[in-house]
Amino acid sequence: MPAEKFDYVIVGSGSAGGAIAARLSEDPSVSVLLLEAGGEDDADEIKIPAAFPALFKTKWDWSYQTVGQKTLNGRRADWPRMKALGGCSSMNAMIYIRGNPADYDEWRDAYGATGWGYDDVLPYFRKAEGNTRLSDEYHGTDGPLHVEDRRYTHELSHAWVESSVDSGIKRNDDFNGAEQEGVGLYQVTCKKGRRWSVADAYIRPAMTRKNLTVRTNSFATKILLEGNRAVGIAYRQGGQDKTAHADAEVIISGGAVNSPQLLMLSGIGPGAHLREFDIDVAVESPGVGQNLQDHPAAGLLLYTKGTTDLAQFQTVGSLLKWKVSGRGPLVSNIGEAGAFFKSREELAAPDLQIHMAPSGFYDNGFREPVRHSVTIATTLVNVQSRGSLKLRSADPTWHPEIDPAYFEDQADLDAMIAGYRRAIETVGADPIARFIAAPWIPASLNPTDGEIVAAIGQLAQTLYHPVGTCSMGTADDSVVDPELKVNGVEGLRVADASVMPRVPRGNTNAPTIMIGEKAADLIKGAS
Ligand SMILES: Cc1cc2nc3c(=O)[nH]c(=O)nc-3n(C[C@H](O)[C@H](O)[C@H](O)COP(=O)(O)OP(=O)(O)OC[C@H]3O[C@@H](n4cnc5c(N)ncnc54)[C@H](O)[C@@H]3O)c2cc1C
(Lines give C-alpha, C1' and ligand atoms only; values in the text may rest on other atoms or scores of the structure.)
Protein backbone atom coordinates (compact mmCIF):
# COMPACT_ATOMS: atom_id res chain seq x y z
CA MET A 1 0.00 0.00 0.00
CA PRO A 2 1.53 3.40 -0.93
CA ALA A 3 2.21 5.76 1.97
CA GLU A 4 -0.43 8.39 2.66
CA LYS A 5 0.86 11.94 2.29
CA PHE A 6 0.40 14.87 4.65
CA ASP A 7 2.27 18.11 5.15
CA TYR A 8 2.79 17.44 8.85
CA VAL A 9 2.78 14.17 10.76
CA ILE A 10 2.60 14.54 14.56
CA VAL A 11 3.26 11.59 16.90
CA GLY A 12 1.34 11.86 20.20
CA SER A 13 -1.86 13.74 21.03
CA GLY A 14 -0.81 14.87 24.53
CA SER A 15 -0.41 18.29 26.09
CA ALA A 16 1.98 19.48 23.39
CA GLY A 17 0.99 17.36 20.37
CA GLY A 18 -2.72 18.12 20.75
CA ALA A 19 -2.09 21.86 20.84
CA ILE A 20 0.24 21.70 17.84
CA ALA A 21 -2.24 19.71 15.73
CA ALA A 22 -4.99 22.23 16.44
CA ARG A 23 -2.86 25.28 15.76
CA LEU A 24 -1.26 23.95 12.53
CA SER A 25 -4.63 22.91 11.12
CA GLU A 26 -5.94 26.48 11.55
CA ASP A 27 -4.38 27.03 8.13
CA PRO A 28 -6.74 25.25 5.72
CA SER A 29 -4.03 24.99 3.08
CA VAL A 30 -1.96 22.46 5.08
CA SER A 31 -2.79 18.84 5.92
CA VAL A 32 -2.02 17.41 9.34
CA LEU A 33 -1.99 13.81 10.61
CA LEU A 34 -2.08 13.28 14.38
CA LEU A 35 -1.15 9.74 15.45
CA GLU A 36 -2.08 8.53 18.94
CA ALA A 37 -1.10 5.12 20.32
CA GLY A 38 -4.07 5.04 22.72
CA GLY A 39 -7.79 5.19 22.09
CA GLU A 40 -10.53 7.79 22.45
CA ASP A 41 -10.77 9.46 25.87
CA ASP A 42 -14.26 8.17 26.54
CA ALA A 43 -14.27 6.94 30.16
CA ASP A 44 -16.07 8.60 33.09
CA GLU A 45 -12.88 8.21 35.14
CA ILE A 46 -11.22 10.68 32.76
CA LYS A 47 -13.94 13.30 33.15
CA ILE A 48 -14.45 12.94 36.93
CA PRO A 49 -11.65 14.96 38.53
CA ALA A 50 -11.34 12.83 41.70
CA ALA A 51 -11.16 9.59 39.71
CA PHE A 52 -7.79 10.04 37.99
CA PRO A 53 -5.95 7.43 40.14
CA ALA A 54 -8.53 4.85 38.94
CA LEU A 55 -6.86 5.10 35.51
CA PHE A 56 -3.51 3.88 36.83
CA LYS A 57 -2.43 0.38 35.78
CA THR A 58 -5.43 -0.02 33.48
CA LYS A 59 -5.63 -0.08 29.68
CA TRP A 60 -5.35 3.72 29.84
CA ASP A 61 -1.88 3.63 31.34
CA TRP A 62 1.51 2.93 29.75
CA SER A 63 2.29 1.63 33.28
CA TYR A 64 5.99 2.44 33.36
CA GLN A 65 8.23 1.60 36.29
CA THR A 66 11.63 2.97 37.15
CA VAL A 67 14.59 0.80 37.97
CA GLY A 68 15.08 0.20 41.70
CA GLN A 69 15.92 3.46 43.45
CA LYS A 70 18.70 3.31 46.05
CA THR A 71 17.19 6.11 48.13
CA LEU A 72 13.72 4.54 48.07
CA ASN A 73 14.88 1.35 49.82
CA GLY A 74 15.51 -0.22 46.40
CA ARG A 75 11.88 0.22 45.36
CA ARG A 76 10.88 0.54 41.71
CA ALA A 77 8.65 3.60 41.39
CA ASP A 78 5.45 3.37 39.36
CA TRP A 79 5.24 5.97 36.60
CA PRO A 80 1.67 6.27 35.27
CA ARG A 81 1.45 7.95 31.80
CA MET A 82 -1.79 8.24 29.88
CA LYS A 83 -2.27 6.34 26.65
CA ALA A 84 -5.30 8.00 25.02
CA LEU A 85 -6.38 11.14 23.25
CA GLY A 86 -5.11 14.11 25.26
CA GLY A 87 -2.14 12.19 26.70
CA CYS A 88 -1.41 12.95 30.33
CA SER A 89 -3.73 15.97 30.24
CA SER A 90 -6.46 13.28 30.29
CA MET A 91 -5.04 11.66 33.45
CA ASN A 92 -3.37 14.40 35.44
CA ALA A 93 -4.44 16.05 38.68
CA MET A 94 -5.47 19.21 36.77
CA ILE A 95 -3.42 21.62 38.91
CA TYR A 96 -2.78 24.76 36.87
CA ILE A 97 0.76 25.97 37.57
CA ARG A 98 3.34 27.51 35.24
CA GLY A 99 6.54 27.43 37.26
CA ASN A 100 8.68 30.37 38.26
CA PRO A 101 9.77 33.11 35.81
CA ALA A 102 13.36 32.25 36.78
CA ASP A 103 12.91 28.79 35.22
CA TYR A 104 12.44 30.18 31.73
CA ASP A 105 15.14 32.82 32.11
CA GLU A 106 17.44 29.94 33.11
CA TRP A 107 16.48 27.97 29.96
CA ARG A 108 17.56 31.01 27.94
CA ASP A 109 20.63 32.08 29.91
CA ALA A 110 22.14 28.77 31.12
CA TYR A 111 21.17 26.49 28.23
CA GLY A 112 21.12 28.85 25.25
CA ALA A 113 17.39 28.41 24.64
CA THR A 114 17.07 31.77 22.90
CA GLY A 115 13.44 32.86 22.64
CA TRP A 116 12.32 30.90 25.72
CA GLY A 117 12.89 33.48 28.50
CA TYR A 118 9.90 34.33 30.69
CA ASP A 119 9.01 37.42 28.65
CA ASP A 120 9.02 35.27 25.50
CA VAL A 121 6.85 32.47 26.88
CA LEU A 122 4.34 34.51 28.90
CA PRO A 123 2.34 35.43 25.75
CA TYR A 124 1.98 31.70 24.98
CA PHE A 125 0.77 30.87 28.48
CA ARG A 126 -1.79 33.66 28.08
CA LYS A 127 -2.78 32.58 24.58
CA ALA A 128 -3.59 29.08 25.83
CA GLU A 129 -5.43 30.18 28.97
CA GLY A 130 -9.14 30.74 29.52
CA ASN A 131 -9.16 31.75 33.19
CA THR A 132 -12.56 32.35 34.73
CA ARG A 133 -11.32 34.40 37.75
CA LEU A 134 -8.00 36.02 36.91
CA SER A 135 -7.66 38.65 34.23
CA ASP A 136 -4.56 40.85 34.16
CA GLU A 137 -1.18 41.07 32.43
CA TYR A 138 -0.35 37.52 33.56
CA HIS A 139 -3.58 35.82 32.55
CA GLY A 140 -5.59 35.08 29.45
CA THR A 141 -9.35 34.74 29.59
CA ASP A 142 -10.31 33.58 26.12
CA GLY A 143 -7.80 30.81 25.35
CA PRO A 144 -8.95 27.22 24.79
CA LEU A 145 -7.63 25.83 28.11
CA HIS A 146 -10.29 26.38 30.78
CA VAL A 147 -8.88 27.28 34.17
CA GLU A 148 -11.24 27.70 37.11
CA ASP A 149 -11.44 27.81 40.88
CA ARG A 150 -12.45 24.31 41.89
CA ARG A 151 -16.18 24.01 42.59
CA TYR A 152 -15.60 21.79 45.63
CA THR A 153 -13.00 22.20 48.35
CA HIS A 154 -12.85 20.01 51.45
CA GLU A 155 -12.90 21.70 54.88
CA LEU A 156 -9.44 20.27 55.66
CA SER A 157 -7.94 22.14 52.70
CA HIS A 158 -9.38 25.47 53.86
CA ALA A 159 -8.20 24.75 57.41
CA TRP A 160 -4.70 23.81 56.27
CA VAL A 161 -4.33 27.00 54.22
CA GLU A 162 -5.35 29.09 57.26
CA SER A 163 -2.93 27.27 59.57
CA SER A 164 -0.12 27.60 57.04
CA VAL A 165 -0.69 31.35 56.92
CA ASP A 166 -0.56 31.40 60.73
CA SER A 167 2.72 29.47 60.58
CA GLY A 168 4.27 32.27 58.53
CA ILE A 169 3.68 31.39 54.87
CA LYS A 170 1.94 34.27 53.14
CA ARG A 171 -1.37 33.67 51.41
CA ASN A 172 -1.23 33.57 47.63
CA ASP A 173 -4.39 33.48 45.53
CA ASP A 174 -2.46 33.41 42.25
CA PHE A 175 0.66 31.22 42.06
CA ASN A 176 0.99 32.17 38.37
CA GLY A 177 0.97 35.93 38.80
CA ALA A 178 3.42 38.48 40.15
CA GLU A 179 4.76 36.12 42.82
CA GLN A 180 4.91 32.33 43.10
CA GLU A 181 5.71 31.99 46.80
CA GLY A 182 2.95 31.47 49.33
CA VAL A 183 0.09 29.15 50.21
CA GLY A 184 -3.39 28.81 48.77
CA LEU A 185 -5.87 26.73 46.84
CA TYR A 186 -4.86 25.52 43.39
CA GLN A 187 -6.77 26.54 40.29
CA VAL A 188 -7.61 23.61 38.03
CA THR A 189 -7.94 22.87 34.31
CA CYS A 190 -11.62 22.01 34.55
CA LYS A 191 -14.80 23.39 33.08
CA LYS A 192 -17.74 23.51 35.46
CA GLY A 193 -16.44 20.63 37.55
CA ARG A 194 -15.32 18.38 34.71
CA ARG A 195 -11.76 17.74 33.48
CA TRP A 196 -10.79 19.97 30.60
CA SER A 197 -7.97 18.17 28.81
CA VAL A 198 -6.08 19.10 25.66
CA ALA A 199 -8.52 16.81 23.81
CA ASP A 200 -11.38 19.03 25.05
CA ALA A 201 -9.53 22.30 24.60
CA TYR A 202 -7.75 21.78 21.30
CA ILE A 203 -8.27 18.46 19.52
CA ARG A 204 -12.06 18.00 19.44
CA PRO A 205 -12.82 21.57 18.34
CA ALA A 206 -10.29 21.13 15.49
CA MET A 207 -11.55 17.71 14.39
CA THR A 208 -14.31 19.30 12.34
CA ARG A 209 -11.62 20.57 9.98
CA LYS A 210 -11.13 18.56 6.82
CA ASN A 211 -7.37 19.14 6.87
CA LEU A 212 -6.84 17.44 10.27
CA THR A 213 -6.79 13.64 10.44
CA VAL A 214 -6.72 12.18 13.96
CA ARG A 215 -5.88 8.50 14.11
CA THR A 216 -6.16 6.70 17.47
CA ASN A 217 -4.81 3.22 18.29
CA SER A 218 -1.92 4.10 15.97
CA PHE A 219 1.46 3.32 17.48
CA ALA A 220 4.47 4.96 15.81
CA THR A 221 7.36 2.52 15.60
CA LYS A 222 9.97 4.43 13.62
CA ILE A 223 10.82 7.80 12.14
CA LEU A 224 11.51 7.25 8.43
CA LEU A 225 14.73 8.92 7.31
CA GLU A 226 16.08 9.49 3.81
CA GLY A 227 19.69 10.49 4.26
CA ASN A 228 19.56 13.09 7.00
CA ARG A 229 15.96 14.09 6.33
CA ALA A 230 12.85 12.82 8.15
CA VAL A 231 10.23 11.95 5.53
CA GLY A 232 7.53 10.16 7.52
CA ILE A 233 6.49 7.74 10.22
CA ALA A 234 6.03 3.98 10.30
CA TYR A 235 3.17 3.00 12.59
CA ARG A 236 0.95 0.08 13.59
CA GLN A 237 -2.81 0.33 13.51
CA GLY A 238 -5.20 -2.58 13.99
CA GLY A 239 -2.40 -5.12 13.60
CA GLN A 240 -1.26 -3.59 10.28
CA ASP A 241 2.04 -1.87 9.57
CA LYS A 242 1.49 1.45 7.78
CA THR A 243 3.48 4.50 6.76
CA ALA A 244 2.59 8.15 6.56
CA HIS A 245 4.71 10.53 4.50
CA ALA A 246 5.36 14.10 5.69
CA ASP A 247 6.05 16.59 2.91
CA ALA A 248 6.97 19.36 5.33
CA GLU A 249 7.85 18.05 8.80
CA VAL A 250 7.60 15.23 11.30
CA ILE A 251 6.89 16.36 14.86
CA ILE A 252 7.51 13.98 17.78
CA SER A 253 5.33 14.72 20.83
CA GLY A 254 5.32 11.35 22.57
CA GLY A 255 6.30 12.73 25.99
CA ALA A 256 9.45 12.45 28.09
CA VAL A 257 9.54 8.64 27.99
CA ASN A 258 8.39 7.82 24.47
CA SER A 259 10.00 10.61 22.44
CA PRO A 260 13.61 9.70 23.29
CA GLN A 261 12.72 6.02 22.87
CA LEU A 262 11.34 6.64 19.35
CA LEU A 263 14.38 8.73 18.40
CA MET A 264 16.72 5.96 19.54
CA LEU A 265 14.70 3.25 17.77
CA SER A 266 15.09 5.36 14.63
CA GLY A 267 18.88 5.58 14.93
CA ILE A 268 19.10 9.02 16.56
CA GLY A 269 20.91 8.82 19.89
CA PRO A 270 24.11 7.77 21.65
CA GLY A 271 25.84 5.59 19.02
CA ALA A 272 27.47 3.04 21.32
CA HIS A 273 24.18 2.43 23.11
CA LEU A 274 22.23 1.99 19.85
CA ARG A 275 24.82 -0.48 18.54
CA GLU A 276 24.20 -2.68 21.62
CA PHE A 277 20.81 -3.39 20.01
CA ASP A 278 22.06 -3.57 16.40
CA ILE A 279 20.32 -0.30 15.55
CA ASP A 280 22.00 1.51 12.65
CA VAL A 281 23.22 4.87 13.86
CA ALA A 282 21.79 7.57 11.59
CA VAL A 283 22.74 10.54 13.77
CA GLU A 284 25.07 10.46 16.75
CA SER A 285 23.21 12.43 19.43
CA PRO A 286 24.66 11.68 22.87
CA GLY A 287 22.02 13.65 24.80
CA VAL A 288 19.00 11.55 23.79
CA GLY A 289 17.63 9.94 26.97
CA GLN A 290 20.04 11.82 29.23
CA ASN A 291 19.23 14.73 31.58
CA LEU A 292 16.11 12.99 32.95
CA GLN A 293 14.55 14.99 35.79
CA ASP A 294 11.41 14.41 37.80
CA HIS A 295 9.79 15.92 40.88
CA PRO A 296 9.77 13.45 43.80
CA ALA A 297 7.09 13.88 46.48
CA ALA A 298 6.68 12.37 49.94
CA GLY A 299 3.73 12.87 52.21
CA LEU A 300 3.50 13.80 55.83
CA LEU A 301 0.58 11.50 56.68
CA LEU A 302 -1.68 12.28 59.61
CA TYR A 303 -4.76 10.54 60.97
CA THR A 304 -7.72 12.90 61.27
CA LYS A 305 -10.77 13.17 63.53
CA GLY A 306 -14.02 15.15 63.45
CA THR A 307 -14.02 15.40 59.66
CA THR A 308 -14.41 13.31 56.52
CA ASP A 309 -11.90 11.65 54.20
CA LEU A 310 -12.30 12.29 50.48
CA ALA A 311 -12.07 8.54 49.83
CA GLN A 312 -15.40 7.94 51.60
CA PHE A 313 -17.25 9.86 48.87
CA GLN A 314 -16.79 7.17 46.22
CA THR A 315 -20.54 6.58 46.28
CA VAL A 316 -23.39 6.37 43.79
CA GLY A 317 -24.86 9.49 45.37
CA SER A 318 -21.69 11.48 44.71
CA LEU A 319 -21.54 10.15 41.15
CA LEU A 320 -25.12 11.20 40.47
CA LYS A 321 -24.52 14.64 41.93
CA TRP A 322 -21.46 15.09 39.74
CA LYS A 323 -23.24 13.82 36.63
CA VAL A 324 -26.24 16.07 37.11
CA SER A 325 -24.59 19.24 38.34
CA GLY A 326 -20.80 19.00 38.03
CA ARG A 327 -20.64 19.55 41.77
CA GLY A 328 -19.85 17.67 44.97
CA PRO A 329 -16.78 15.83 46.29
CA LEU A 330 -15.97 14.08 43.00
CA VAL A 331 -15.03 17.53 41.67
CA SER A 332 -12.01 17.43 43.99
CA ASN A 333 -8.71 16.99 42.17
CA ILE A 334 -7.33 15.44 45.42
CA GLY A 335 -4.33 17.80 45.54
CA GLU A 336 -6.57 20.72 46.44
CA ALA A 337 -4.22 23.14 48.16
CA GLY A 338 -0.53 23.86 48.12
CA ALA A 339 2.40 26.11 48.77
CA PHE A 340 5.69 27.22 47.28
CA PHE A 341 8.59 28.07 49.57
CA LYS A 342 12.38 27.97 49.90
CA SER A 343 14.37 25.42 51.85
CA ARG A 344 17.01 28.12 52.46
CA GLU A 345 16.38 31.87 52.61
CA GLU A 346 19.28 32.70 50.28
CA LEU A 347 17.71 30.88 47.32
CA ALA A 348 16.53 33.06 44.44
CA ALA A 349 13.26 31.14 44.00
CA PRO A 350 11.26 28.42 45.76
CA ASP A 351 12.70 24.91 45.56
CA LEU A 352 9.81 23.22 47.37
CA GLN A 353 6.10 22.83 46.74
CA ILE A 354 3.41 21.23 48.87
CA HIS A 355 0.50 19.21 47.55
CA MET A 356 -2.12 18.89 50.27
CA ALA A 357 -4.85 16.25 49.96
CA PRO A 358 -7.84 15.69 52.28
CA SER A 359 -7.17 11.94 52.28
CA GLY A 360 -4.30 9.53 52.92
CA PHE A 361 -2.74 9.63 49.45
CA TYR A 362 0.46 7.60 49.04
CA ASP A 363 1.78 4.90 46.72
CA ASN A 364 -0.14 6.66 43.90
CA GLY A 365 -3.38 6.01 45.76
CA PHE A 366 -3.09 2.22 45.30
CA ARG A 367 -3.46 1.52 49.02
CA GLU A 368 -6.85 1.05 50.63
CA PRO A 369 -7.40 3.87 53.12
CA VAL A 370 -7.10 2.44 56.63
CA ARG A 371 -8.31 5.42 58.66
CA HIS A 372 -9.45 8.95 57.91
CA SER A 373 -6.29 10.88 57.10
CA VAL A 374 -4.76 13.93 55.48
CA THR A 375 -1.61 14.21 53.32
CA ILE A 376 0.79 17.14 53.27
CA ALA A 377 3.18 16.09 50.49
CA THR A 378 6.50 17.87 50.25
CA THR A 379 7.60 18.03 46.62
CA LEU A 380 11.09 18.91 45.47
CA VAL A 381 10.73 21.22 42.49
CA ASN A 382 14.30 22.44 41.94
CA VAL A 383 15.96 19.08 41.40
CA GLN A 384 19.75 18.66 41.24
CA SER A 385 19.86 14.88 40.55
CA ARG A 386 19.99 13.82 36.92
CA GLY A 387 18.81 10.45 35.66
CA SER A 388 18.65 8.73 32.30
CA LEU A 389 16.48 6.68 30.00
CA LYS A 390 17.89 3.83 27.88
CA LEU A 391 16.57 1.21 25.54
CA ARG A 392 16.11 -2.35 26.79
CA SER A 393 15.33 -3.70 23.34
CA ALA A 394 15.07 -2.63 19.69
CA ASP A 395 11.44 -3.81 19.86
CA PRO A 396 9.29 -0.65 20.15
CA THR A 397 6.79 -2.40 22.44
CA TRP A 398 9.41 -2.97 25.16
CA HIS A 399 9.43 -0.39 27.92
CA PRO A 400 12.68 1.53 28.22
CA GLU A 401 14.89 1.46 31.30
CA ILE A 402 14.00 4.53 33.35
CA ASP A 403 16.28 5.81 36.10
CA PRO A 404 15.28 9.17 37.61
CA ALA A 405 18.11 8.87 40.19
CA TYR A 406 15.89 10.26 42.94
CA PHE A 407 17.87 12.08 45.67
CA GLU A 408 21.21 10.84 44.37
CA ASP A 409 22.47 14.38 44.80
CA GLN A 410 22.61 14.90 48.59
CA ALA A 411 21.38 18.50 48.11
CA ASP A 412 18.01 17.07 47.03
CA LEU A 413 17.65 15.04 50.20
CA ASP A 414 18.71 18.00 52.37
CA ALA A 415 16.04 20.18 50.73
CA MET A 416 13.37 17.50 51.23
CA ILE A 417 14.24 17.17 54.92
CA ALA A 418 13.86 20.96 55.31
CA GLY A 419 10.55 20.79 53.44
CA TYR A 420 9.25 18.01 55.67
CA ARG A 421 10.06 20.07 58.74
CA ARG A 422 8.26 23.08 57.27
CA ALA A 423 5.27 20.88 56.44
CA ILE A 424 5.10 19.76 60.07
CA GLU A 425 5.04 23.42 61.19
CA THR A 426 1.95 24.03 59.07
CA VAL A 427 -0.13 21.58 61.11
CA GLY A 428 0.89 22.81 64.56
CA ALA A 429 -2.00 25.18 65.25
CA ASP A 430 -5.75 25.54 64.68
CA PRO A 431 -7.80 25.41 62.56
CA ILE A 432 -6.06 22.30 61.13
CA ALA A 433 -4.71 21.08 64.49
CA ARG A 434 -8.13 20.33 65.88
CA PHE A 435 -8.68 17.84 63.04
CA ILE A 436 -5.40 15.94 63.69
CA ALA A 437 -5.86 12.74 65.71
CA ALA A 438 -2.27 11.48 65.56
CA PRO A 439 0.76 11.42 63.28
CA TRP A 440 0.90 8.38 61.00
CA ILE A 441 4.13 8.60 58.97
CA PRO A 442 6.47 9.62 60.41
CA ALA A 443 5.20 8.43 63.79
CA SER A 444 6.17 11.63 65.59
CA LEU A 445 5.68 15.32 64.88
CA ASN A 446 9.16 15.92 66.21
CA PRO A 447 11.13 13.46 64.07
CA THR A 448 14.88 13.18 63.80
CA ASP A 449 16.50 13.69 60.39
CA GLY A 450 16.94 9.91 60.26
CA GLU A 451 13.21 9.37 60.77
CA ILE A 452 12.41 11.85 58.00
CA VAL A 453 14.85 10.12 55.64
CA ALA A 454 13.19 6.81 56.52
CA ALA A 455 9.75 8.27 55.76
CA ILE A 456 11.04 9.56 52.41
CA GLY A 457 12.50 6.12 51.63
CA GLN A 458 9.17 4.51 52.44
CA LEU A 459 6.83 7.00 50.77
CA ALA A 460 8.57 9.03 48.07
CA GLN A 461 6.99 8.66 44.64
CA THR A 462 6.83 10.56 41.39
CA LEU A 463 4.80 13.74 41.17
CA TYR A 464 4.44 12.66 37.50
CA HIS A 465 6.63 15.38 35.95
CA PRO A 466 9.44 13.70 33.96
CA VAL A 467 11.19 16.05 31.53
CA GLY A 468 14.52 16.74 29.88
CA THR A 469 15.28 13.63 27.82
CA CYS A 470 15.47 15.47 24.45
CA SER A 471 16.88 18.63 25.94
CA MET A 472 16.77 21.94 24.08
CA GLY A 473 19.76 24.28 23.93
CA THR A 474 23.07 25.02 22.28
CA ALA A 475 25.37 22.63 24.20
CA ASP A 476 27.12 19.78 22.36
CA ASP A 477 24.72 17.28 23.87
CA SER A 478 21.53 19.31 23.27
CA VAL A 479 19.12 17.16 21.30
CA VAL A 480 17.05 19.98 19.80
CA ASP A 481 17.93 23.59 19.03
CA PRO A 482 15.87 26.54 20.32
CA GLU A 483 13.51 26.09 17.34
CA LEU A 484 12.97 22.49 18.56
CA LYS A 485 14.67 21.10 15.42
CA VAL A 486 16.50 17.83 16.06
CA ASN A 487 20.21 18.49 15.64
CA GLY A 488 21.63 16.68 12.62
CA VAL A 489 18.25 15.89 11.00
CA GLU A 490 16.21 17.98 8.55
CA GLY A 491 12.44 18.10 8.77
CA LEU A 492 12.22 16.74 12.31
CA ARG A 493 11.26 18.45 15.57
CA VAL A 494 10.54 17.27 19.08
CA ALA A 495 7.94 19.28 20.99
CA ASP A 496 6.79 18.07 24.42
CA ALA A 497 8.02 17.93 28.03
CA SER A 498 11.18 16.12 26.92
CA VAL A 499 12.66 19.32 25.44
CA MET A 500 12.70 21.18 28.77
CA PRO A 501 16.38 21.56 29.63
CA ARG A 502 15.46 21.93 33.30
CA VAL A 503 12.24 20.99 35.04
CA PRO A 504 10.25 24.09 36.02
CA ARG A 505 9.42 24.78 39.66
CA GLY A 506 5.88 23.48 39.49
CA ASN A 507 3.49 21.17 37.69
CA THR A 508 4.29 20.59 34.04
CA ASN A 509 1.02 20.48 32.08
CA ALA A 510 0.65 24.22 31.43
CA PRO A 511 4.38 24.56 30.55
CA THR A 512 4.04 21.68 28.06
CA ILE A 513 0.96 23.24 26.47
CA MET A 514 2.95 26.48 26.25
CA ILE A 515 5.67 24.52 24.40
CA GLY A 516 3.00 23.20 22.01
CA GLU A 517 1.66 26.71 21.37
CA LYS A 518 5.13 28.12 20.72
CA ALA A 519 6.17 25.11 18.63
CA ALA A 520 3.20 25.72 16.33
CA ASP A 521 4.29 29.30 15.78
CA LEU A 522 7.89 28.20 15.17
CA ILE A 523 6.70 25.68 12.58
CA LYS A 524 4.50 28.29 10.91
CA GLY A 525 7.50 30.62 10.92
CA ALA A 526 5.62 33.11 13.03
CA SER A 527 7.57 33.11 16.30
C1 LIG B 1 -1.04 11.10 37.14
C2 LIG B 1 -0.52 12.41 36.65
C3 LIG B 1 -0.83 13.57 37.36
C4 LIG B 1 -0.35 14.79 36.91
N5 LIG B 1 -0.79 15.93 37.52
C6 LIG B 1 -0.49 17.13 36.98
C7 LIG B 1 -1.11 18.31 37.45
O8 LIG B 1 -1.96 18.27 38.35
N9 LIG B 1 -0.77 19.49 36.88
C10 LIG B 1 0.15 19.57 35.89
O11 LIG B 1 0.47 20.68 35.45
N12 LIG B 1 0.76 18.46 35.41
C13 LIG B 1 0.42 17.25 35.89
N14 LIG B 1 0.95 16.12 35.36
C15 LIG B 1 2.00 16.24 34.32
C16 LIG B 1 1.49 16.68 32.96
O17 LIG B 1 0.22 16.15 32.69
C18 LIG B 1 2.52 16.25 31.89
O19 LIG B 1 3.77 16.85 32.19
C20 LIG B 1 2.14 16.63 30.48
O21 LIG B 1 0.84 16.20 30.18
C22 LIG B 1 3.14 16.03 29.50
O23 LIG B 1 2.76 16.35 28.18
P24 LIG B 1 3.52 15.74 26.92
O25 LIG B 1 2.91 16.36 25.73
O26 LIG B 1 4.98 15.88 27.11
O27 LIG B 1 3.23 14.17 26.96
P28 LIG B 1 1.86 13.39 27.10
O29 LIG B 1 0.77 14.27 27.53
O30 LIG B 1 2.18 12.16 27.88
O31 LIG B 1 1.53 12.97 25.59
C32 LIG B 1 2.21 12.00 24.87
C33 LIG B 1 1.20 11.28 23.99
O34 LIG B 1 1.89 10.55 23.00
C35 LIG B 1 1.33 9.26 22.88
N36 LIG B 1 2.39 8.41 22.36
C37 LIG B 1 3.54 8.08 22.99
N38 LIG B 1 4.28 7.28 22.19
C39 LIG B 1 3.60 7.13 21.03
C40 LIG B 1 3.86 6.43 19.85
N41 LIG B 1 4.99 5.73 19.67
N42 LIG B 1 2.93 6.48 18.85
C43 LIG B 1 1.77 7.20 19.00
N44 LIG B 1 1.49 7.88 20.13
C45 LIG B 1 2.40 7.85 21.14
C46 LIG B 1 0.90 8.92 24.29
O47 LIG B 1 -0.06 7.89 24.33
C48 LIG B 1 0.35 10.27 24.75
O49 LIG B 1 -1.00 10.43 24.40
C50 LIG B 1 0.50 14.87 35.76
C51 LIG B 1 0.80 13.71 35.06
C52 LIG B 1 0.29 12.48 35.48
C53 LIG B 1 0.60 11.24 34.70
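Domain bounds here come from an automatic or database domain assignment. On that basis, the protein chain divides into domain 1 (4-43 + 198-292 + 468-524) and domain 2 (49-81 + 152-192 + 294-462). The model is a predicted one, in which local features need pLDDT of at least 70 and side-chain atom pairs count only at pLDDT 80 or more, while totals for chains, interfaces and linings use all residues. Residues are numbered from 1 along each chain as its sequence is written.

The centres of the two domains, taken over C-alpha atoms, are separated by 30 Å. Where the domains meet, 21 residues of domain 1 are in contact with 24 residues of domain 2 (contact requires C-beta atoms, placed from the backbone, within 7 Å). Helix α7 (residues 255-265) supplies six residues, the largest share of the side of domain 1 that touches domain 2; helices (H or I, at least four residues) and strands (E, at least two) are DSSP runs, numbered from the N terminus. That side of domain 1 comprises nine nonpolar, ten polar and two charged residues, where Ala, Val, Leu, Ile, Met, Phe, Trp, Tyr, Cys and Pro count as nonpolar, Asp, Glu, Lys and Arg as charged, and the others, Gly among them, as polar.

The ligand lies between domain 1 and domain 2, because both give residues to the shell around it. This shell holds 42 residues, of which the closest are G12, G14, G87, N507 and N509 (a residue is near a molecule if its C-beta atom, placed from the backbone, lies within 6 Å of it). Two or more residues each come from α1 (15-24), β12 (218-226), α7 and α12 (509-524). The largest share, four residues, again belongs to α7. By class, the shell has 20 nonpolar, 18 polar and four charged residues.

The axes of α1 and helix α6 (residues 198-206) are 8 Å apart, at an angle of about 30 degrees (axes are lines fitted to C-alpha atoms, for helices over the stretch in contact, and angles run from 0 to 180 degrees between N-to-C directions). The pair is therefore roughly parallel, a description used for angles under 35 degrees. The contact joins S15, G18, A19, A21 and A22 of α1 to V198, A199, Y202, I203, P205 and A206 of α6. Nine of the residues in this contact are nonpolar, two are polar and none is charged.

Helix α4 (residues 118-128) packs on α12 at an angle of about 100 degrees, with the axes 9 Å apart. These helices are therefore roughly perpendicular, the description for 65 to 115 degrees. Their contact has seven nonpolar, no polar and three charged residues.

Definitions and conventions:
Contact = placed C-beta atoms within 7 Å. Parallel < 35°, antiparallel > 145°, perpendicular 65-115°, else oblique.
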